[in-house]
Amino acid sequence: MAVVVVGAGICGVACAVEVAAAGVAVRMVERGRTVGGRMATRRIEGRPVDLGAAYFTVRDAEFARVVETWRAAGLARPWTSELAVLGDGERGRSEGPVRWAAPGGLRSLVEDLAAGTGVELEHEVRGVGPGPVVDGEPADVVVLAMPDPQALRLLDPSSPAAAELAGREWNPVITVAAGWADRQWPELPAAFVNEHPVLSLVADDGARRGDGAPVLVAHTTAALARDHLDDPDSAIPPVLDALRELLPLRTPALWTHAHRWRYSAPARDRDAPFHLGDDGIALAGDGWGAARVETAWRSGTLLGRAVAAALGAG
Ligand SMILES: Cc1cc2nc3c(=O)[nH]c(=O)nc-3n(C[C@H](O)[C@H](O)[C@H](O)COP(=O)(O)OP(=O)(O)OC[C@H]3O[C@@H](n4cnc5c(N)ncnc54)[C@H](O)[C@@H]3O)c2cc1C
């Protein structure tokens, strides 16, 4: 038997790394074609574009050490601590923590973390039950490292794990990436869009990546995403209209690409960093704390240690 980690986003990968480091056998399965989950990067027009998380921040000292290894390897770089603020009739700047970006896209960081830990890709788990069993196969512990609604689908609704997850709404986002012939906007490098019916954030992907490509990535509001969930491409025209309203774009976009995130982030934070039940079913991810990359890493790391300790290792 082994610990089975379902989901190879940064949380699941961080968890599997900790379990393996304690000498416990671990099997990681991921339904997608790649690792990374919402730290999603897609090659468009010959270069990587981040379609999920826009950037990440670093507060935890241990996560800072991981990020330092990425920085030293040229995989991650501090991008900016100042974002523009657009919308609501106002333009301004917002000072905050350093936002980190990855020249090769954020997914490359999860790939780096996963190196040395085997992942079975394109393997969708259908059900997790008492035992625990994963699609009928026994496991020592099963970790569901994914958004709450995706985990709920796998669980018996009367299980203690399902009770931990029930009743928490997650918001959708549609991401629209678009490319122009040249850079037609002032230095952003990314902008919060306040009180806007269509957009919540715009990132300059060329600035983020460091190659200066004339590419913007816009995240919609949850309300706009809800109206276009069945046909994400139908969100492209209102997003382009909104970009023209907010930025001095002179020419039409040369290409666009829309991506739907049905479960982008939970509507509310919670405090516990993970759930590890007596039934061997565990839950982790960015839903366990303030929903961000660092939270997901921390949730997976702490759960991995707790699982190893519960199995008498570590
Ligand atoms: C549009 C958007 C913008 C964001 N912006 C930021 C930001 O600027 N800064 C920041 O810090 N964070 C941001 N985030 C949040 C950040 O991306 C997440 O906090 C983090 O990536 C979550 O990682 P995770 O491992 O918990 O979950 P995920 O990355 O969602 O990983 C879950 C994995 O589980 C897999 N899976 C699900 N069900 C199954 C199944 N049945 N069988 C097998 N595999 C399964 C999925 O395919 C996925 O790969 C953003 C997210 C989105 C969507």
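**Strand pairing, helix packing and domain contact**

Trainee: Which residue of strand 13 stands opposite A84 in this predicted model?

Mentor: Strand 5 (residues 77-86) pairs with strand 13 (residues 190-193) in the parallel sense, over three bridges. In strand 13, the residue that A84 stands opposite is A191.

Trainee: Strand 13 also joins strand 14; which residue of strand 14 stands opposite A190?

Mentor: Strand 13 and strand 14 (residues 199-204) run antiparallel and are joined by three bridges. In strand 14, the residue opposite A190 is A203.

Trainee: Which residue in the hairpin of strand 13 and strand 14 takes a positive phi?

Mentor: The hairpin has five residues between its strands. A positive phi near 50° is taken there by E195.

Trainee: What is the strand order of the open sheet of six strands?

Mentor: The pairing in this open sheet is mixed. Its edge strands, each pairing on one side only, are strand 7 (119-120) and strand 17 (275-276). The order is therefore read between these two edges, and strands of a sheet pair through backbone hydrogen bonds, either parallel or antiparallel. The six strands follow the order 7-2-1-11-18-17.

Trainee: Which residue of strand 18 is the bridge partner of L276?

Mentor: Strand 17 and strand 18 (residues 281-284) run antiparallel, with two bridges joining them. For L276, the bridge partner in strand 18 is A282.

Trainee: What angle does the direction of helix 9 make with that of strand 18?

Mentor: Helix 9 packs on the sheet and touches strand 1 (3-6), strand 11 (141-145), strand 17 and strand 18. The angle between the directions of helix 9 and strand 18 is about 160°.

Trainee: Are helix 1 and helix 9 roughly parallel or roughly antiparallel to each other?

Mentor: The axes of helix 1 (residues 10-21) and helix 9 (residues 293-310) come within 7 Å and cross at roughly 30°. Angles under 35 degrees count as roughly parallel. Helix 1 and helix 9 are therefore roughly parallel.

Trainee: How many nonpolar residues does the contact of helix 1 with helix 9 have?

Mentor: Helix 1 passes helix 9 in a right-handed crossing. Residues making the contact include A14 and E18 of helix 1 and W297 and R305 of helix 9. Besides five polar and two charged residues, the nonpolar residues number twelve.

Trainee: How far apart do the C-alpha centres of domain 1 and domain 2 lie?

Mentor: The domain assignment gives domain 1 as 3-53 + 106-168 + 270-310 and domain 2 as 170-266. The distance between their C-alpha centres is 28 Å.

Trainee: Which element gives the largest share of the side of domain 1 that touches domain 2?

Mentor: The contact takes 16 residues from domain 1 and 18 residues from domain 2. On the domain 1 side, strand 4 (47-50) and helix 4 (148-152) are the elements that give two or more residues. The largest share, four residues, comes from strand 4.

Notes:
Residues are numbered from 1 along each chain as its sequence is written. This is a predicted model: local features need pLDDT of at least 70, side-chain atom pairs count only at pLDDT 80 or more; totals for chains, interfaces and linings use all residues. Axes are lines fitted to C-alpha atoms, for helices over the stretch in contact, and angles run from 0 to 180 degrees between N-to-C directions. Angles under 35 degrees count as roughly parallel, over 145 as roughly antiparallel, 65 to 115 as roughly perpendicular and the rest as oblique. A crossing is left-handed if the near helix is turned anticlockwise from the far one by less than a right angle, and right-handed if clockwise. Two residues are in contact if their C-beta atoms, placed from the backbone, lie within 7 Å. Ala, Val, Leu, Ile, Met, Phe, Trp, Tyr, Cys and Pro count as nonpolar, Asp, Glu, Lys and Arg as charged, and the others, Gly among them, as polar. Two strands pair if DSSP finds at least two bridges between them. Domain bounds come from an automatic or database domain assignment.
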